Amino acid sequence: MIYLLDTDTVIFLARGSKSSRPKAQRDKAKRLAERCQRAFGDGDRVGLSAVTVSELEHGARYGGRYEAEMALIRGLTAPFARFDY
């Protein structure tokens, strides 16, 4: 099975896991991340579309904290950078 994460889900994973967020939100983000890792470990594919990556980059560029946001995006997209041919 292929799981394609949308922009809102990726943003939730990124921001929901910050220590400044309420515990319930951190726990939900952690469960979602674990679910993605479990699916990947079971042989399923978890990925991002080019549109999602573009939206994340656009938000970083116009969000006021470009370097910090781009570092976060690079960290999030690095696991998806592997290609199977």
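This is a predicted model: local features need pLDDT of at least 70, side-chain atom pairs count only at pLDDT 80 or more; totals for chains, interfaces and linings use all residues.

Biologist: Why is Arg 65 called partly exposed?

Modeller: Exposed requires over 50% and buried under 20%; Arg 65, at 47%, is therefore partly exposed.

Biologist: What makes the contact of Arg 65 with Glu 69 a salt bridge?

Modeller: The N to O distance is 3.7 Å. The cut-off is 4 Å between a side-chain nitrogen of Lys or Arg and a carboxyl oxygen of Asp or Glu, so the pair qualifies. Side chains of opposite charge can pair when their charged atoms come close.

Biologist: Is Glu 69 buried or exposed?

Modeller: Glu 69 has a relative accessible area of 14%. Buried means under 20%, so Glu 69 is buried.

Biologist: How many salt bridges does a search of the whole structure find?

Modeller: The search finds two. Lys 23 and Asp 27 also form one, with their closest N and O atoms 3.0 Å apart. That distance is within 4 Å, so the term applies here too.

Biologist: Where do Lys 23 and Asp 27 lie?

Modeller: Both belong to helix α2, residues 23-41, and are four residues apart, about one turn of the helix. An α-helix has 3.6 residues a turn, so residues three or four places apart point the same way. Lys 23 is exposed at 52%, because the limit is over 50%.

Biologist: How do you know that the length of α2 is close to the expected value?

Modeller: The helix has 19 residues and reaches 26 Å from its first C-alpha to its last, against 27 Å expected at 1.5 Å a residue.

Biologist: What puts the buried residues of α2 on the same side?

Modeller: The residues concerned are Ala 29, Cys 36 and Ala 39. They cover an arc of only 85 degrees around the axis, and so lie on the same side of α2. The face turned away from that buried side carries exposed residues, including Lys 30, Arg 31 and Gln 37.

Biologist: How do you know that the buried residues of α4 line one face?

Modeller: Glu 69, Met 70, Ile 73 and Thr 77 are the buried residues of α4. Seen down the axis, they fall within an arc of 100 degrees, so they line one face of the helix. On the other side of α4, Glu 67 and Gly 75 are exposed.

Biologist: Which residues are buried in α3?

Modeller: They are Thr 52, Leu 56 and Ala 60. Their arc is 75 degrees, so they line one face of α3. The face turned away carries the exposed residues Ala 50, Val 51, Arg 61 and Tyr 62.

Biologist: How much space lies in the second largest pocket?

Modeller: It holds about 190 Å³. Of its 14 lining residues, the closest to the centre are Ile 11, Arg 15, Leu 56, Ala 60 and Glu 69. The elements that give two or more residues to this lining are α1 (7-16), α3 (50-62) and α4 (66-77).

Biologist: What kinds of residue make up the lining of the second largest pocket?

Modeller: The lining divides into eight nonpolar, two polar and four charged residues. Glu counts as charged and Leu as nonpolar, so Glu 69 and Leu 56 belong to separate classes of this lining.

Note on methods
Residues are numbered from 1 along each chain as its sequence is written. Side-chain values use heavy atoms; hydrogens and water are left out. Buried means under 20% relative accessible area, exposed over 50%, partly exposed in between (1.4 Å probe, protein chains only). On a 1 Å grid over the protein atoms alone, a cavity is a set of points where a 1.4 Å probe fits but cannot get out, and a pocket is an open set with protein on both sides within 12 Å along at least five of seven lines; lining residues have an atom within 4 Å of a point. Grid points are joined across faces, edges and corners, and a volume is the space filled by probe spheres set on the points. The expected span of a helix is 1.5 Å times one less than its number of residues. The arc is that of the directions from the helix axis to the C-beta atoms.
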